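Try each task before you read its solution.

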Amino acid sequence: MRTLLDFDWIGVLDFLPQLGVGMLFTLLISVVGLVIGFVLGAIFGLARLSRFTVVNWIATAYIEVVRGTPLLVQAIWLFFALPLIIQYTLPSVLAGIIVIGVNSGAYIAEIVRGAVQSIDKGQMEAGRSLGMSHHVTMRKVIWPQAFKRMIPPLGNQFIISIKDTSLLSVILVPELLFQARTIASNQFNAVEIYTAVAVCYLAITLTLSGVLRLTEKRLELQA
């Protein structure tokens, strides 16, 4: 039986450039996907609060469909099934960004809805009594307060999305896990490579968690 000391841990250093490329794609897809997700989340989150039934229904349908299906299924459908309908295959990286954006958008929509609803209704009434329209009151009074409350859950969603990018290797996105699988299949060093990948993900998430805790403390001091 082999022990941990029997594996070639130093040999992993030879593959750090390739793993670095995978990490860059992981971060790129996560950041761009989260930006798209925030835009979608803000739109559909506010739509969930709309007084118009059709708008509310569309937003609810989007949120429930996306949250009710696994991200892996969404990725496979977008990359392998959609081309059969539109006769065009999206580049894998673009498909990955879209999947992360659409998936995170559904969860961010609920974060937005909850944050806006947590603001006292008297704030809206006060704004309207000062002669501001509903739209202006929402933009200048409600949204700034709600956004501060969104920051911690948005940080958590960012961490979740980074880990979710590992599922995109199934649609050939050259992210961290895809690079690791390629190396391991050629070099037969699965223990070393996959351990290195786990450490990379852990380093990213711990760093983001630390930044998130500092942000929360600053928000508490400002409150």
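**Exercise 1.** What span should the 27 residues of helix H4 have, and how far apart are its end C-alpha atoms?

*Solution.* Keep in mind that this is a predicted model. Start with the range: helix H4 covers residues 92–118. Next, take 1.5 Å times one less than the number of residues.

**Exercise 2.** Which residues have the most contacts inside the largest nonpolar core?

*Solution.* The largest nonpolar core holds 28 residues, and Ile142, Met150, Leu168 and Ile171 have the most contacts inside it. Now ask where its members come from. Helices H1 (16–47), H3 (71–86), H4 and H6 (134–164) each supply at least two residues of this core, and H4 gives the most, with nine. Then zoom in on isoleucine 142: beyond four places in sequence, this residue touches Val116, Ile119, Gln123, Met124 and Thr137.

**Exercise 3.** Is valine 141 buried or exposed?

*Solution.* First find valine 141 in helix H6. Its relative accessible area is 19%. The cut-off for buried is under 20%, so valine 141 counts as buried. Next, list its contacts, leaving aside neighbours within four places in sequence: Gln123, Met132 and Val136. To finish, check a distance: valine 141 and alanine 126 are 15 residues apart along the chain, and their C-alpha atoms are separated by 9.5 Å.

Note on methods:
Residues numbered from 1 in each chain as written. Predicted model: local features only at pLDDT ≥ 70, side-chain atom pairs only at ≥ 80, totals over all residues. Heavy atoms only, no water. Helix = DSSP H or I, 4+ residues; strand = E, 2+ residues; numbered from the N terminus. Core = buried A, V, L, I, M, F, W, Y, C linked by side-chain atoms within 4.5 Å. Buried < 20%, exposed > 50% of the residue type's maximum accessible area, 1.4 Å probe, protein only. Contact = heavy atoms within 4.5 Å.
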